[in-house]
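Me: I would like to go through this structure with you. Could you take my questions one by one?

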Amino acid sequence: MLLQDLKSRISIPKLCVPDGVKRASVAIILRHVSNTQVHMHHHYQLSDFEILYIVRAENPRDRWSKHVAFPGGRANAGETDVQCCVREVKEEVGLDLGTDQFQLLGRLDDREVKTPASAKTVMVLCCFVFLQTFGPTPRLTLDLKEVSATHWVPCGYLSNHRLWEWTPVHHDIYRQILPMSVPPLVRTTFKTVFKYLLGGFNYYGIPIPGKTTDFPLWGLTLWMTIDLLGHMKHPNTQFKDRFLLYASPRYTSPDVDFLIQMLSFGKQPLAVFIHRSSVGFGYSILWAVRVAAVISIALKAIVMRQVFKMLWQSRL
C-alpha cells in the first residue's frame, strides 16, 4: 500500500533546530492523476500520482527568478514550521491545506541551506508532504508577484525520465571559492580570472512539461523530489543514489573535475551531504574544490611558463 507505506516512512524526520538561523517551509502536494478521491489503504502505483510545482515570478532582484520550486516561503516570528507552510501555500497559490480536502502525510528531513563559499548555514528548510484526499482541486489563485505559473507533473514522468535528456544549469566556480565578504571589485576581477582558468560547473535537471520557464527542475527542489520518490518507489535502494549522483555538479574543466574527484575520494558533494539532511557544500568538499583550484592554476602557470620560455628561446 503505497500511501500507507509513504506515511510511515516520513513520520519520523530528522529535524534541525540551530540557534539564530532563519527557517522556511515548503509543501509537496500530491494528488491522483484523475483528480479524484483517494484512499490510504488502496493499492496504488507511483504513476497514479502527480506533484504540484510553481514557477517563480520574474524578478531581477531574485536570484531564483523563473526557477521551478515548491510553494512555500520564510516563517514569520512565532510561527511553527507547519503553520508557515500552510500560510505560504495559501498566499502563493490559493490552496488551503488546513481543510479536510488535504491530509498531512508527514515531513521530509530538514535541510540546512549553506553558502557555497563558506558552508555556513543561512537557513533551515522544512518540507511537508500533503495529499489531496478528494477532488476536484480548488481553482488556483496565484500571487503574480511571487508565482508566474503552476504545473502538475506526473510522478511517473519524474521517476522514469531518461538521464541523458536532463538539462544543464551552469554556474561559475568562483561562487565556491570566494566568500561573500570579499569586496565587489575583487570578486569581479577574480570572477573573470577563474572563468578562463577554471571554468565552471553544471547541475543537471529534469525539463518540466510546458514551456513556461527556461529552467528545469533542478537543485534543492529536485533533490527533495528525488527524496520523496525514493520513499514512494524504492526506499533504501539504488534508485535515489542513481539520481542523486547525476544531479550532482559536474565541473567543465577536466583537470578540475578530476582533481576534485581525487581529493574528495570520488564522493560527489550532493550525494555525500543529502543523506546528512544538509544542502550545499560541506567543509571537506570546499577544501577539495579550493585545493583543486590552486593545483590547476599552478599547473597551468607552469605550462604557460614553459611555453613562453620556449618561444623566447626560439627568437634568440
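Predicted model: local features only at pLDDT ≥ 70, side-chain atom pairs only at ≥ 80, totals over all residues.

Me: Which residues have the most contacts inside the largest nonpolar core?

Reply: Those are Leu 30 and Ile 51, in a core of 58 residues.

Me: Let us step back. How many helices and strands does the protein have?

Reply: The secondary structure comes to ten helices and twelve strands. Of the 316 residues in the protein, 50% are buried. Among contacts between residues at least 6 apart in sequence, 74% join residues at least 24 apart.

Me: Now the aromatics. How many aromatic pairs does a search of the whole structure find?

Reply: The search finds six. In one of them, Phe 201 and Tyr 251 form a tilted pair, with 5.6 Å centre to centre and 45° between the planes.

Me: Where in the chain are Phe 201 and Tyr 251?

Reply: Phe 201 belongs to strand E10 (residues 200-205) and Tyr 251 to strand E11 (residues 250-251), so the pair links distant parts of the chain, 50 residues apart.

Me: Buried or exposed, for Phe 201 and Tyr 251?

Reply: Phe 201 has 3% relative accessibility and therefore counts as buried. Tyr 251 counts as buried too, because its relative accessibility is 7%.

Me: Why is the pair of Tyr 203 and Trp 223 tilted?

Reply: The ring centres of Tyr 203 and Trp 223 are 6.0 Å apart and the planes are at 50°, so the pair is tilted.

Me: Which residues form the aromatic cluster?

Reply: One cluster is formed by Phe 201, Tyr 203, Trp 218, Trp 223 and Tyr 251. Trp 218 also has a place in another relation: Trp 166 and Trp 218 are 52 residues apart in sequence and 9.4 Å apart in space, C-alpha to C-alpha. Trp 166 is in the loop between helix H3 (155-159) and strand E9 (167-172), and is buried, with a relative accessible area of 5%.

Me: What lies over the face of Trp 152?

Reply: Arg 31 does, at 3.9 Å from the ring centre.

Me: Back to H6. At what angle do the axes of H1 and H6 cross?

Reply: Helix H1 (residues 2-9) and H6 cross at roughly 120°, with axes that come within 9 Å. That makes H1 oblique to H6. Leu 2, Leu 6 and Arg 9 of H1 make the contact with Leu 228, His 231 and Met 232 of H6.

Me: What about Asp 227, buried or exposed?

Reply: Asp 227 is found in helix H6 and counts as buried, at 9% relative accessibility. Asp 227 and Asp 109 are 118 residues apart in sequence and 9.1 Å apart in space, C-alpha to C-alpha.

Me: Last topic, the backbone. Which peptide bond is cis?

Reply: The bond from Gly 135 to Pro 136 is cis, with omega near 0°. Pro 136 is in the loop between strand E7 (121-132) and strand E8 (147-154).

Me: And where is Asn 35, which has a positive phi?

Reply: Asn 35 is in the loop between strand E1 (22-32) and strand E2 (49-56), and its phi is about 60° although it is not a glycine. Lys 66 also has a positive phi, near 70°. Lys 66 lies in the loop between E2 and strand E3 (68-69) and counts as partly exposed, at 26% relative accessibility.

Me: Why remark on such values?

Reply: Most residues other than glycine have a negative phi, and most peptide bonds are trans.

Notes
Residues numbered from 1 in each chain as written. Heavy atoms only, no water. Core = buried A, V, L, I, M, F, W, Y, C linked by side-chain atoms within 4.5 Å. Buried < 20%, exposed > 50% of the residue type's maximum accessible area, 1.4 Å probe, protein only. Phe/Tyr/Trp six-rings, centres within 6.5 Å; stacked < 30°, edge-to-face > 60°. Helix = DSSP H or I, 4+ residues; strand = E, 2+ residues; numbered from the N terminus. Lys NZ or Arg CZ within 6 Å of the ring centre and 35° of its normal. Axes fitted to C-alpha atoms, helices over the stretch in contact; angles between N-to-C directions. Parallel < 35°, antiparallel > 145°, perpendicular 65-115°, else oblique. Contact = heavy atoms within 4.5 Å.
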